[in-house]
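Biologist: I am new to this model. Please pick a single part, look at it closely, and then show me its surroundings.

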Amino acid sequence: MIWLAAGGPVIPTFGGRGAFACERANRLFCSDWVSRNWSSVLWPALRQHIVLTLIAVSIGFVIATALALLAYRRGWLERPVLIVTSILYTIPSLALFELLEPSFGLTRTTAEIALVSYTLLIMFRNTLTGLREVPAEVRDAAIGMGMGPTQTLLRVELPLAAPAIIAGLRIATVTVISLATVASLIDNAGLGVPILTAISNDVFKTELIVAGAMAVGLALAADALLVIAQRILTPWTRAG
Amino acid sequence: MNIQTSAQSEGSPSFSKAARLELRAVSKRYRGQERPAIPELSLEVDAGEVCVLVGPSGSGKTTALRLINRMIPLSGGDILLGGRSVLERDPSELRREIGYVIQQIGLFPHLSVADNIATVPRLLGWDRQRIAARVGELLQMVSLDPAIGGRYPAQLSGGQRQRVGVARALAADPPLMLMDEPFGAIDPINRARLQDEFKRLQAQVRKTIVFVTHDIDEAIRMGDKIAILREGGRLAQYDTPAKILTEPADEFVAEFVGADRALKRLGLETLAEIKLLEPNGAPASAGSVPRTASVRDALSQLLAEGGRPLDVVDDDGEVAGVITLELLGGLLA
């Protein structure tokens, strides 16, 4: 059922009209093919991949943070949230797509719901741990100096949990970037599209390698950006 | 020293307030515990006075302290600050008026020293300029280099952190300060220095202070009044250090202050405060002792010199008088 989605528009490349020797021989890397297909295939796929990831991580971040804050105030919530998010995390992605498909069809919504569900466990657990690791005496001082619960949370607890929160965000982002290639089966967008095309075209190596490398590169770049963001947001972690 | 005089001569705005504190039949009972942590405690601390709560562990001294700023809810009785019940106040608002220093200090690791000190002024909505001026003033007051304001707590020594903690607690000029073993985590040499600095600071700011410690020597050094608590949160004696040392109320207090309580009493006074013998011309051969020394230290030196008389000298080296064993012994009578 889902595999049909990969059919999509077949990009006229390998074996197509005007193919060059490199492509005919299906060598590892044909730079001509890359430059010819960059603006029509690779760049749009990368852009879609970034959008797909940004949406999933943003929504996941909001949900996971909200759940972590609730569980931080009401300890009994931790177990049920952990159980549900763990189940979501362990469902194989293809199975999850199949589960969602009847309700949402082969749409971006289905893809995003699946991607979001994989971010929840990691970000929930990291944020909750980060909040709980705020030293008791620091919290005591905050309250003792007259901060209310919200002020304590916003001015002290969340900033101190920031390293753990960002660590969770990093793992979630890299996970989503990787899983979003599979989500291409559903919504026919992202770097999964050229990868699937390459596979269905007798494993066209150049396209497979380039699209795969782009996904890896995107993951590394996103991770690096988050590391930089953390350094800017939490300068105090490097003090002393 | 220079720093402090200059801070004063600038006509620094703001250490004006101190309030009288009254604990009226205060009790604390924890659910599921048979005995109350504090059965009934009544204490009065005059404005500008240092009251030290001292006692063995389990005597409820920290609990009593935390009842005052409502970090722990009262089970019974009332606490009046400046004549007004703390129970009528919004807890956060109340706490902004009470300086709070704890043993682990609890500086905010993600904020600079200056931002840490600015915590309560910010909560009170002071403007930027006023906060900056206040932070500078406080850093000077606790003998810290104003340049330290930009550092993070992790970049400070233990003693510096403690000073920042005190400056932070003093920031909004609170009428009352609560200090829970503030020097407990400091090594003995630095602790003595911080205690001296604290006394100098208190002479300047004249706050009402409730100070918790388990160390009777610290209590004697720091307190205008000492409240000795025993296990089970009962008040054994509440009096001046001198009174507690000369007239311990019972066996428990006598044992708690120690068998050397006579010596401890001598430690309360310096030679400048006692009547010396006239220097009768010829200098005493055994040596000399500065007039700023405590009577206890002078006695120690006398004993070390085989009990022969000592000259007491002023800052400028002038002989102000002579001390003998008989003279110091007479002080205890």
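Predicted model: local features only at pLDDT ≥ 70, side-chain atom pairs only at ≥ 80, totals over all residues.

Modeller: Domain bounds here come from an automatic or database domain assignment. On that basis, chain B is divided into domain 1 (2-259) and domain 2 (271-332). The C-alpha centres of these two domains of chain B lie 36 Å apart.

Residues are numbered from 1 along each chain as its sequence is written, while chains are lettered from A and ligands numbered from 1 in the order in which they are written.

The part I pick is helix H4 of chain A, residues 93-104. Helices (H or I, at least four residues) and strands (E, at least two) are DSSP runs, numbered from the N terminus. H4(A) has 12 residues. From its first C-alpha to its last, H4(A) reaches 15 Å. That is close to the 16 Å expected at 1.5 Å a residue, counting one less than the number of residues.

Which residues of H4(A) are buried? They are Leu96(A), Phe97(A) and Leu100(A). Buried takes 20 or more other C-beta atoms within 10 Å of a residue's own, exposed 12 or fewer, and partly exposed is in between, with C-beta atoms placed from the backbone. Down the axis of H4(A), the buried residues fall within an arc of 100°, so they line one face; the arc is that of the directions from the axis to the C-beta atoms. On the other side of H4(A), Ala95(A) and Pro102(A) are exposed. The buried residues of H4(A) pack against helix H5 (108-132) and H7 of chain A. Just after H4(A) comes Gly105(A), with a positive phi of about 75°.

Leu115(A) deserves a stop. Beyond its neighbours within four places in sequence, Leu115(A) is in contact (C-beta atoms within 7 Å) with Leu52(A), Ala56(A), Val176(A), Leu179(A), Ala180(A) and Ala183(A).

Step back to the whole of chain A. It has nine helices and zero strands. Its C-alpha atoms fill a box of roughly 75 × 45 × 20 Å along the principal axes. Of its 240 residues, 42% count as buried. Among contacts in chain A with a separation of 6 or more, 74% join residues 24 or more positions apart.

Confidence in chain A averages a pLDDT of 88, and 92% of the residues score at least 70. Helix H6(A) (136-144) has the highest mean, 96, and helix H1(A) (21-24) the lowest, 82. Over residues 1-12 of chain A, pLDDT stays under 50.

Chain A also meets chain B. The contact takes 17 residues from chain A and 19 residues from chain B. On the side of chain B that touches chain A, helix H3(B) (91-96), strand E6(B) (98-102) and helix H5(B) (119-123) each give two or more residues. H3(B) gives the most, four residues.

Key
Contact = placed C-beta atoms within 7 Å. pLDDT = per-residue confidence, 0-100.
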